[in-house]
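User: I am new to this structure and would like to learn how to read it feature by feature. Could you walk me through it?

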Amino acid sequence: MPALPLVELRDVTVRFGAHVALERVSFRVEEGQFTAIIGPNGAGKTTLLRVILGILRPEEGEVRVLGKPPWKLTRKERLDLGYVPQEFPRHRHFPLRVMDVVLMGRYGALGWFRRPGADDRRRALEILKLLEIDHLAHRRLAELSGGERQRAFIARALINRPRLLLLDEPSASLDPAMTEGLFALLRRLQKELGLTVLLVSHDVGIVASFADRVACLARRLVAHGRPQEVLTEANLECMYGRHAAAVGHGQLPHIVLPLSEHEKTFRNDQERRP
Amino acid sequence: MSGLVELLSYGFFQKALVASVVIGLVMGLVGTHVVLRNLAFIGAGVAHASFGGIALGLLLGWSPLGMAWGFALLTALGVAYVQERTPIHEDTAIGILFTTLMALGIFGIGFYRGYAGDLFAYLFGNILSIPEGELLWGIAGAGAIVLALLLLSKEFLLIAFDPEFARVAGFPVGLLNALELALMASAVVLSLRLVGVILASALLVIPPATALLVARSFGELQVLSVVFGVGASVVGLFLAYVFNAPSGATVVLCSSLIFFGVLVFQRLPHLKRR
């Protein structure tokens with residue numbers, strides 16, 4: 001029996017005025033998969049994520065998340081969605097401790113007016129332990145490194161033990177070593193918690209090594225499948241243009257793209273030198 | 001000392017003192033959200049829009065403060081609508097709305113045949129002349145604002161820190177935002193009697209900004225902001241009486257002094273406690 005799709009999009013089109021952000025995108029994520037949506041800036045990656053989260057309603061097409069149009073999910077049903085937004089610099093200056101941020105994940109479960117209690121704190125500590133940052137529970141956000149802050153936000157998304165974890169450009173402010181650590185962590189969480197992971201990234205290399213499925217987006221869905229099948233020269237060229245160069249990460253295919261004219265000239269110059 | 005005791009026995013001064021405490025408390029509390037959301041301009045905008053209301057109220061013989069409140073709410077809800085539904089930035093929206101409403105008032109004043117001194121009382125504030133009826137209304141309004149802020153403290157914190165996450169958790173961010181802006185606008189109108197139109201936004205920004213310099217948590221931020229707000233209003237009131245100076249300017253100067261005092265204290269390395 002095929003696994004149940006947690007996310008299903010059929011012919012989804014989103015327009016902002018005259019600008020078409022997404023065009024007839026069909027796409028599904030099955031339970032337990034680690035899927036990465038990649039594409040250049042302006043490809044509609046974040047728009048796609050916002051459609052899946054129910055923040056944005058497409059003009060055309062069908063969206064099903066956990067079996068329902070996402071904007072119809074009740075607050076209770078939304079506890080199955082864990083969301084890690086892209087980091088904003090202003091977050092750092094809020095007078096909040098890691099514990100306060102993680103407890104925000106419980107607000108949806110608590111509902112109106114109620115404050116987090118002892119049980120919520122216990123849950124928060126549990127999830128902080130799982131992410132190996134329980135020693136930071138009482139630190140302020142401003143005192144954390146980028147990677148630690150990222151883990152705090154992941155802890156907030158996981159506190160309700162959701163089925164689906166969605167991340168928007170989680171590696172945007174991390175260096176390559178931290179990015180690799182983050183993806184290894186997500187991989188471990190996927191296995192340990194039976195999570196379905198869906199993330200948006202522009203980092204083709206790291207995605208090739210860690211994701212089960214890759215969706216290549218450039219307003220339209222260029223390709224979707226296993227990394228080896230999808231990350232071909234033709235697809236990358238379709239997304240990033242002919243001058244892109246990407247180097248695969250780790251065990252997965254090293255993709256060498258055509259050199260840009262500028263690089264060719266540069267290389268010829270180097271070769272000509274005695 | 002005997003002068004102080006005598007002063008406290010005067011009915012007009014007692015009323016002024018109660019009003020100052022109430023206004024310092026409300027502005028300190030609501031102001032925490034203003035600084036966390038970088039909305040300092042809303043205070044100035046709402047205050048100036050309410051001046052339009054006061055002028056029209058005087059002209060038409062309607063309650064000037066009632067009209068001021070109406071214009072303030074119109075600005076707040078207009079800004080909330082623009083934020084939610086249009087690509088216009090909130091700063092721009094405030095700039096359009098408050099100048100329009102204020103111009104309406106100034107246009108109206110041209111036809112006003114009464115005593116223009118009434119208008120000056122609202123421009124610069126005069127707490128020592130607060131009538132008992134207005135004080136009671138003020139206390140009731142302040143109570144309602146504080147109650148709403150305390151009940152929805154976690155929801156307001158969430159939309160300030162991470163509106164996207166709030167949406168994903170299933171909270172009606174647009175509605176909460178409109179309500180919060182309306183509360184900010186109402187607090188500004190309450191403080192018109194103490195500090196006047198021109199300086200009303202000071203109490204909304206300076207005490208919480210001072211608190212932000214030292215607070216380590218959201219709870220600390222709220223408590224310290226209220227302490228600084230009430231402190232500035234009460235000390236300012238006494239000094240205004242002693243020096244026979246305008247109450248509004250004295251209160252604002254007190255809060256500025258506290259701000260710069262805390263800032264300097266914090267910057268002096270050998271005095272730094274943390």
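User: Let us begin with accessibility. Is A:Glu126 buried, exposed or partly exposed?

Analyst: This is a predicted model, so every value here is computed from it. The general idea is to compare the relative accessible area with two cut-offs: under 20% is buried and over 50% is exposed. A:Glu126 has 38%, so it counts as partly exposed.

User: Which residue does A:Glu126 meet in a salt bridge?

Analyst: The general idea first: side chains of opposite charge can pair when their charged atoms come close. Here the partner is A:Arg161, with N to O at 3.6 Å. A:Glu126 sits in helix H4 of chain A and A:Arg161 in the loop between H5 and strand S6 (164-168), so the pair ties together parts that are 35 residues apart in sequence. A:Arg161 is also partly exposed, because its relative accessibility is 42%.

User: Where in the chain are A:Asp120 and A:Arg106, which also form a salt bridge?

Analyst: A:Asp120 is in helix H4 (residues 118-130) of chain A, while A:Arg106 is in the loop between H2 and H3, so this pair links parts 14 residues apart in sequence. Their closest N and O atoms are 2.7 Å apart, and both residues are buried.

User: What does a salt bridge in chain B look like, say the one between B:Glu134 and B:Arg193?

Analyst: In that one, the closest N and O atoms lie 2.5 Å apart. B:Glu134 belongs to helix H7 (residues 132-151) and B:Arg193 to helix H11 (residues 192-214), so the bridge ties together parts that are 59 residues apart in sequence. B:Arg193 is buried, with a relative accessible area of 13%.

User: Which residues are joined into one network by salt bridges that share partners?

Analyst: The network consists of A:Glu8, A:Arg10, A:Arg28, A:Glu30, A:Glu62 and A:Arg64. Take A:Arg10 as an example: it is found in strand S1 (residues 5-16) of chain A and counts as partly exposed because its relative accessibility is 43%. Beyond its neighbours within four places in sequence, A:Arg10 is in contact with A:Val25, A:Ser26, A:Gly61 and A:Glu62. Over all chains, the whole structure holds 28 salt bridges.

User: How should I read the interface, and how many residues of chain A are in contact with chain B?

Analyst: On chain A, 29 residues are in contact with 29 residues of chain B. The area buried between the two chains is about 2,800 Å², with carbon and sulfur atoms giving 64% of that area. A:Pro95, A:Tyr107 and A:Trp112 supply 23% of the area that chain A buries against chain B, more than any other three residues.

User: How many salt bridges and polar contacts are there between chain A and chain B?

Analyst: There are three salt bridges across the interface, and ten residue pairs in polar contact. One of the salt bridges joins the side chains of A:Arg156 and B:Asp162, at 2.6 Å from N to O. The side of chain A that touches chain B divides into 15 nonpolar, four polar and ten charged residues.

Technical notes: Residues are numbered from 1 along each chain as its sequence is written. Chains are lettered from A and ligands numbered from 1 in the order in which they are written. This is a predicted model: local features need pLDDT of at least 70, side-chain atom pairs count only at pLDDT 80 or more; totals for chains, interfaces and linings use all residues. Side-chain values use heavy atoms; hydrogens and water are left out. Contact means heavy atoms within 4.5 Å. Buried area is the accessible area (1.4 Å probe) that two parts lose on being put together, summed over both. A salt bridge is a side-chain nitrogen of Lys or Arg within 4 Å of a carboxyl oxygen of Asp or Glu. A polar contact is a pair of N or O atoms within 3.5 Å; within protein, one must be able to donate a hydrogen and the other to accept it, and residues adjacent in sequence count only if both atoms are side-chain atoms. Ala, Val, Leu, Ile, Met, Phe, Trp, Tyr, Cys and Pro count as nonpolar, Asp, Glu, Lys and Arg as charged, and the others, Gly among them, as polar. Helices (H or I, at least four residues) and strands (E, at least two) are DSSP runs, numbered from the N terminus. Buried means under 20% relative accessible area, exposed over 50%, partly exposed in between (1.4 Å probe, protein chains only).
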